[in-house]
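Open your viewer and get ready to click along. We will go step by step, with something to select at each stop.

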Amino acid sequence: MATKVLFVSFESLPFVKTGGLADVVYALPKAIDKRKFEVRVVMPLLKVIKENHYDRLKYLDHIYVQSGMINEEANIYSCDNEGVEYLFIENDTFFNRDGVYGYDDDAARFSFFNVAVLEMMIKLDYYPDICHEHDYHTGVLPALCKIRYNAIESIRRIKHVFTIHNLAYQGMYDKKVLFDLLAFDYRYYEDGSLRFNDCCNFMKIAIVFADIITTVSRTYAYEIQTPEYGENLEVILQYRHEDLYGIVNGIDTDTFNPSTDKIYRNYTNRTVFDRKVENKRSLQYELGLEDRPDTLLVGMISRLTWQKGLDLFVNALPRILHRDVQVAILGAGESRYEYALRMMEDRYKHKAVYYCGYNEGLAHRMYAGLDMLIMPSLFEPCGISQLIAMRYGTLPMVRETGGLKDTVEPLNEYAKTGRGFSFGPFDQYAFDHVFDYAFDQYYYHQDNWQMLMQNAMTYDVSFKASAKEYENLYQKVLTK
Ligand code: ADP
């Protein structure tokens, strides 16, 4: 009989996406061997899902969630998406909002969701063998199973794999959350298992209570055990190092496929050299850039936060734009970066363009039309954008950290290997130096550039190999 695995997440494509987490929760269940594992996904029924997918949902049941001061009702729906069953928990008090995260009552929203998942299991009499929780929003679930719901054998025996997608976001709240919203006994705070300094931290709770912890690249699994990247959890992660694994993300290669995608002109690695330039010209036209097919067109498609190394990029822009380079940026985030990019657009009309916002279609057309995607991240657990870029023959220029280091092999001119460009130290000199190097390769060593494009496009960015690694971990966790 197939092992039952329940993914627990706050976001997944095609329903809702704020970042790479949604790509992974969509693509990984599809890639896992269906003969051995039956994967379902449970998520909150957020407003945007109700608006766009309500017709597809099938009502299953009704639950009552009582947890500390939370007294709420919820409906459970299901929906098949490309052979994977999605379960949705509907509660308008907590989930009928325009955004996904970032509300004052997030602690209550996440607490409610975690408890509701367990109440759903009881109501539906569906008990997975493994719960695979994603990021801190779902981090208290292993502790709830092992403490509050411990009397129910079918819940007690569930094994927990918890994946850290980004350690920088931890869910740090007043300790009252543990008692008032999650109804834990005070002694678990006192003995330290639920405590973090004098408050509670959902990420830390997951790291303590999960049976296996994974993160999304091998390098990041190592980095987070050091003070530089550990975000104050490095000691706990070191303590759990035997159960900590790094498995690099892949992407859904059907969604991101230059030969079938809705871009200006489809292409494969055989036709890329002629047709990419058509995508580039159409992109230049769409974005109001000058029609210059030979000019190096670089870009960024990203949340605009400090993590993404925007300081390096923004500082370098005047230098970059004084040369024969065009720049296109798609993203929204911290206002200081949005402001700087608007200034850049104003100053370098038809040479630089900034699209402020989230636009899936434009992102695809940019992956197809750019020559180079820049990701100078301060830290990057895995990074999805560089994988997509490589699939479209767009060369990534990255800082060597986390998944960027694991997936972007830099150009070696002598061995004729590589898939992009990279630099080590997080400083302006290193950034400028490697940008100049890439510039030089584009204009004076097209043979190298084209070799990198070929290597990038034929590099396996699918979830196939990583799904195998997850399957092995699922087997392992069952014996714990
Ligand atoms: P993170 O999850 O930290 O935001 P990743 O590189 O792992 O970064 O994933 C980012 C994903 O979100 C990629 O699929 C990227 O194409 C997409 N993305 C980021 N910003 C935008 C945007 N403004 N519009 C469309 N897609 C975006």
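Which polar backbone atom is 2.6 Å from an oxygen atom of the ligand? Select G20: a polar backbone atom of G20 is the one at that 2.6 Å distance.

Before moving on, note that this is a predicted model, where local features need pLDDT of at least 70, side-chain atom pairs count only at pLDDT 80 or more, and totals for chains, interfaces and linings use all residues. Residues are numbered from 1 along each chain as its sequence is written, and side-chain values use heavy atoms, with hydrogens and water left out.

Next, select K308, which places a polar side-chain atom 2.8 Å from an oxygen atom of the ligand. Then try I384, where a polar backbone atom is 2.9 Å from a ligand oxygen. The ligand taken alone exposes 570 Å², and the protein buries 93% of that (accessible areas come from the Shrake-Rupley method with a 1.4 Å probe).

Now show the residues around the ligand. The shell divides into seven nonpolar, eight polar and four charged residues (Ala, Val, Leu, Ile, Met, Phe, Trp, Tyr, Cys and Pro count as nonpolar, Asp, Glu, Lys and Arg as charged, and the others, Gly among them, as polar).

Color domain 1 (3-250 + 464-477) and domain 2 (272-458): both give residues to this shell, so the ligand lies between them. The domain bounds come from an automatic or database domain assignment.

For a last stop, select L13 and P14, which are joined by a cis peptide bond with omega of about 5°. Most peptide bonds are trans.

Terms used:
A polar contact is a pair of N or O atoms within 3.5 Å; within protein, one must be able to donate a hydrogen and the other to accept it, and residues adjacent in sequence count only if both atoms are side-chain atoms.
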